[in-house]
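Good morning, colleagues. Please take a moment to look at the sequence and the structure on the screen before I turn to its charged pairs and its nonpolar core.

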Amino acid sequence: MAAGLTVDQDKLGDLRRFFDERLRSSARASRDGATLEIDGALTPQAANRELMTLLERAGPYGQGNVQPRFAFPAHRVRFAKVVGEGHVRCALEGGDGSRLDAIAFRAAEQPVGELLLAGGGMPLHVAGSLRRDTWGGRDKIEVFIDDVADPRSSA
């Protein structure tokens, strides 16, 4: 949910302190107990037009009908680069060699982006939703990345 408010520029520091004092412990508790709901595991080869057609028929997605999220377990990041305003674009490769384009929005200086950019071909667990990319007249499927985990890490 979103909310808007107007704040005088000279009062921004007061507002930041207010939010920090009121929300610090609840935000930390929320992060500590956070889980990521996954609807299934896929390979790039399974993320095909037929699946996209089924997913699009199940929409529209929103608060009462959440966009399905898929895991791409132990996929290699074949390339990753920063694009636009801090987004990380990459290609995921499954064990069978099939590939799928992916993007993590506003992730370049965040843990997700850092893992993608430093992946160096090591397997990573990637979670995100599938979207059809029709920009520039093309019609391809890509992953909008929500989270990434290093399977070698115990955290």
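Arg-89 is partly exposed, with a relative accessible area of 22%. Please keep in mind that what we are viewing is a predicted model. Arg-89 forms a salt bridge with Glu-142, and the closest N and O atoms are 3.0 Å apart. Is Glu-142 buried or exposed? Its relative accessible area is 5%, so Glu-142 is buried, as the limit for a buried residue is under 20%.

I turn now to a second pair. Arg-49 and Asp-139 form a salt bridge, with 4.0 Å between the closest N and O atoms. Here too distant parts of the chain are linked: Arg-49 lies in helix H2, residues 49-57, while Asp-139 lies in the loop between strand S5 (123-133) and strand S6 (140-149), and the two are 90 residues apart. Arg-49 has a relative accessibility of 44% and is therefore partly exposed. Asp-139, at 34%, is likewise counted as partly exposed.

Arg-17 and Asp-14 both lie in helix H1, residues 12-32, three residues apart, which is about one turn of the helix. Their side chains meet in a salt bridge of 2.5 Å, N to O. Both partners are partly exposed: Arg-17 has a relative accessible area of 47%, and Asp-14 has a relative accessibility of 41%. In total, the model contains 11 salt bridges.

In soluble globular proteins, nonpolar side chains tend to be buried together. In this model, the largest nonpolar core has 25 residues, and those touching the most other members are Phe-72, Leu-92, Leu-116, Leu-130, Val-143 and Ile-145. At least two residues of this core come from each of H2, strand S2 (70-83), S3, strand S4 (99-104), helix H3 (111-118), S5 and S6. Which element supplies the largest share of this core? It is S6, with four residues.

I close with Leu-130. Leaving aside residues up to four places away in sequence, Leu-130 touches, among others, Leu-42, Ala-47, Leu-51, Phe-70, Phe-72, Leu-100 and Val-143. Glu-142 is also among the residues that Leu-130 touches, and Glu-142 is the residue that forms a salt bridge with Arg-89.

Notes: Residues numbered from 1 in each chain as written. Predicted model: local features only at pLDDT ≥ 70, side-chain atom pairs only at ≥ 80, totals over all residues. Heavy atoms only, no water. Buried < 20%, exposed > 50% of the residue type's maximum accessible area, 1.4 Å probe, protein only. Core = buried A, V, L, I, M, F, W, Y, C linked by side-chain atoms within 4.5 Å. Contact = heavy atoms within 4.5 Å.
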